Amino acid sequence: MKFEIIRDISAPKKPKPQGELGFGRYFTDHMLVMNYTEGKGWHDARIVPYGPITLEPSSMVLHYGQEVFEGLKAYRTADGRVLLFRPEQNARRMNASNRRLCMPEIDEDVWVSCVKAIVAEDRDWVPAEEGTSLYIRPFIFATDPFLGVRSSHTYQFMIILSPVGSYYPEGIQPVKIYIESEYVRAVKGGTGLAKCGGNYAASIRSQSNAHAKGYTQVLWLDGVERKYIEEVGTMNVFFKIAGEIVTPALEGSILPGITRDSAIRLLRDKGYTVTERRISIDELVEASDNGSLEEMFGTGTAAVISPVGELQIGEKHIVINDGKIGSTAQWIYDTLTGMQWGKIADPYGWTVEV
Ligand code: COI
């Protein structure tokens, strides 16, 4: 396939942010744009100055939410190289989301070439300070000017870049999580397994309630029995119970996290038993009561590894590992980020140099 990215990089460079980066607040000098037209396919890939875009008010995405997105990061190594982490997995997952939302797929090699091209363009924006990276946000949305409900015939693919520090203000310190019992995030057969904006829109009511009560995030239960643990707002979850690692199985309503997959592989290779299965809230409470709940942590690209120190389940309050990060979560964090920042060897071939 002949594929070329046109560069229009005429705009002046912006000053780099100073001090704490936080998450998703600053954007780099450029963005990548590519269009899709039915019958023609994906076309006109271009790198242009970062800035506002023009959309018809009737663009279908604004009415029916036909949108999918991804998240990955570029890391700067001590010797100045820039590494991506398993980008082909994000390409694959975006295509799975595209299929679920009836949107056009992008060839995986083209997708990864687009990511590499925009990161190479704004390479000087990949921060070097401890714990920082360049967050990469690819997304696709429906652009047909039309008000009927159907799949669009035109789409726009974009990649924007944001230099980031920690997703949670707590950093790698344990977070407090509220177990949601009123609302649900997803049901099997819905869109829970796809990375689409609508899933996140549906989660904001609960997240806002949890924030008001002093919690960082909510932990979702299954939408049918309201009994089995699914995931946290921006992370998959893992538990260490009597030495065994347990994580909810991917049964169609949970996001198949790339950090989740990497953590499972690392833990198994280290000799841990990792079981992907259903885990009920009652089992969790019992494990806490009998002292076998040793650790809980979340995994995600934005959050990396986030230990959970406290859980609120209705009236019951659980403190895990005295509210401190556990040795397993710390080990996965050190190993994963060690590979990502090029500090330790990557025997899996997960890192890809830009
Ligand atoms: C990520 O971990 O990359 C995510 O997409 C979470 C995001 C909603 C901030």
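Guide: Buried means under 20% relative accessible area, exposed means over 50%, and partly exposed is in between, with a 1.4 Å probe and protein chains only. The model is predicted, with local features needing pLDDT of at least 70 and side-chain atom pairs counting only at pLDDT 80 or more, while totals for chains, interfaces and linings use all residues. Residues are numbered from 1 along each chain as its sequence is written, and side-chain values use heavy atoms, leaving out hydrogens and water.

Visitor: Why is Asp289 called exposed?

Guide: Asp289 has a relative accessible area of 54%, so it passes the cut-off of over 50%.

Visitor: What makes Asp289 and Lys316 a salt bridge?

Guide: A salt bridge needs a side-chain nitrogen of Lys or Arg within 4 Å of a carboxyl oxygen of Asp or Glu. The N to O distance for Asp289 and Lys316 is 3.2 Å, so the pair qualifies. Asp289 lies in helix H7 (residues 281–289) and Lys316 in strand S17 (residues 316–319), so the pair ties together parts 27 residues apart in sequence. Helices (H or I, at least four residues) and strands (E, at least two) are DSSP runs, numbered from the N terminus.

Visitor: What makes Glu353 and Arg81 a salt bridge?

Guide: The closest N and O atoms of Glu353 and Arg81 are 3.6 Å apart, so the pair is within the limit of 4 Å. Glu353 is in strand S18 (residues 351–353) and Arg81 is in the loop between strand S5 (72–76) and strand S6 (82–85), so parts 272 residues apart in sequence are tied together. A search of the whole structure finds 21 salt bridges.

Visitor: Are Cys102 and Cys114 buried or exposed?

Guide: Cys102 counts as exposed, because its relative accessibility is 52%. Cys114 is buried, because its relative accessible area is 0%. Cys114 is one of the buried residues in H3.

Visitor: How do you know that the span of H3 is close to the expected one?

Guide: The expected span is 1.5 Å times one less than the number of residues. Helix H3 (residues 108–121) has 14 residues and reaches 20 Å from its first C-alpha to its last, close to the expected 20 Å.
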